[in-house]
Amino acid sequence: MMATRAERGDRVQLGQHDDVDRGVYVYGIVGHREKLPDDLPSVGDGKEEVDLASYGKLSALVSEVQLARPLGTREDLLAHERVLDILAAEATVIPIRFGSVVRTREAVVDELLAPHQGHFVEMLAELDGLVQFTVRGRYANNAHLREIVSEEPEIRELRAALQGLPEDAGYAERLRLGELVNNAVVRKREVDTETLIGSLERSSAASASHAVAGEDDAMHVAFLVDREAVAQFERAVDDLGRQWDGRVDLRLIGPLAPYDFLPET
């Protein structure tokens, strides 16, 4: 069973660091390995090397951090995600929550890997060979609003009736028009999101929709994709992008760590 990032909550509670100058930052967990890609970024001052703390079949991605410097800058978050996404391009990765720090490398083993070994091994097995891609869409040049006016007679009639009236006239009608347009935009986003998911379901293993905030935002959907099917998935996105040319601009982001698809075990 899959869970989105918002649904799953925290998987582990890492130990609290002592009152010392340095700690160990934990990015995520992979299957046991001996080597990492070169030139990985790191949180903090960016000068510390990302390394491995290993136990049995597991390896944690870690780096030292200065505890006197609070974590949480945009650069820290981007470095955290970048480490995970670089590894996700070639291996299955379990992301650990941003900002997780323990006392020492030994604590990574004793408090994280050893007591949760079976849990993490199961998660890695379920996600084996899978990677996340995210598709975001934005309506181009108010295309969705023009469609709504064309498709909704009540909106079209209210809009026509209000044209030419002073700003302080037709207050109730303007409120009604705003409500109708807002509801129609919500429905259109739902339909377009379903179309996106339907168009990509043959080349993906799972999907997770997210709410959008911007006025012109159309959709935000994460997909779990088998690495062997990535080319097929990308072609399907391109095909839909051509169908929606001038209507919805699609942006494909990935490969990413499977932030939205950690298994429930």
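A residue is called buried when its relative accessible area is under 20%, exposed when the area is over 50%, and partly exposed in between, as found with a 1.4 Å probe on protein chains only. The model on screen is predicted, so local features are given only where pLDDT is at least 70 and side-chain atom pairs only at pLDDT 80 or more, whereas totals for chains, interfaces and linings use all residues. Residues are numbered from 1 along each chain as its sequence is written, and side-chain values use heavy atoms, with hydrogens and water left out.

**The whole chain**

Along its principal axes, the C-alpha trace spans about 70 × 40 × 35 Å. Of the 265 residues, 42% are buried.

**Leucine 52 and arginine 33**

Next, select leucine 52, which sits in strand S3 (residues 51–55) and counts as buried because its relative accessible area is 10%. Not counting residues up to four places away in sequence, leucine 52 touches Arg33, Glu34, Lys35, Leu36, Ser59, Ala60, Leu61, Val62 and Arg105, where a contact means heavy atoms within 4.5 Å.

Beyond its neighbours within four places in sequence, arginine 33 is in contact with Leu52, Ser54, Ser59, Leu87, Glu90 and Ala91.

**Serine 204**

Select serine 204 in the loop between helix H7 (171–200) and strand S8 (206–209), where a relative accessible area of 17% makes this residue buried. A polar atom of the serine 204 side chain lies 2.8 Å from the backbone oxygen of leucine 200. Its contacts, leaving aside neighbours within four places in sequence, are with Phe223, Leu224, Val225 and Phe233.

Turn now to a surface view, in which a cavity is a set of points on a 1 Å grid over the protein atoms alone where a 1.4 Å probe fits but cannot get out, while a pocket is an open set with protein on both sides within 12 Å along at least five of seven lines; lining residues have an atom within 4 Å of a point. Grid points are joined across faces, edges and corners, and a volume is the space filled by probe spheres set on the points. One cavity of 30 Å³ or more is found in the whole structure, and the largest cavity holds about 40 Å³. To see its lining, select Arg22, Val43, Gly44, Asp45, Glu48, Glu64, Val65 and Gln66; strand S4 (residues 58–66) gives the most, with three residues.

The second largest pocket has a volume of about 390 Å³ and is lined by 16 residues, of which Glu81, Asp85, Ile253, Leu256 and Tyr259 lie nearest its centre. Helix H2 gives the most to this lining, with five residues.

**Backbone features**

Most residues other than glycine have a negative phi, and most peptide bonds are trans. Against that background, select glycine 254 and proline 255, which are joined by a cis peptide bond with omega of about 5 degrees; proline 255 lies in strand S10. Aspartate 39, in the loop between S2 and S3, has a positive phi near 60 degrees and is exposed, at 77% relative accessibility. Finish at asparagine 142, in the loop between S7 and helix H5 (143–151), where phi is positive at about 60 degrees and the residue is partly exposed, at 36% relative accessibility.

Notes. Helices (H or I, at least four residues) and strands (E, at least two) are DSSP runs, numbered from the N terminus. A polar contact is a pair of N or O atoms within 3.5 Å; within protein, one must be able to donate a hydrogen and the other to accept it, and residues adjacent in sequence count only if both atoms are side-chain atoms.
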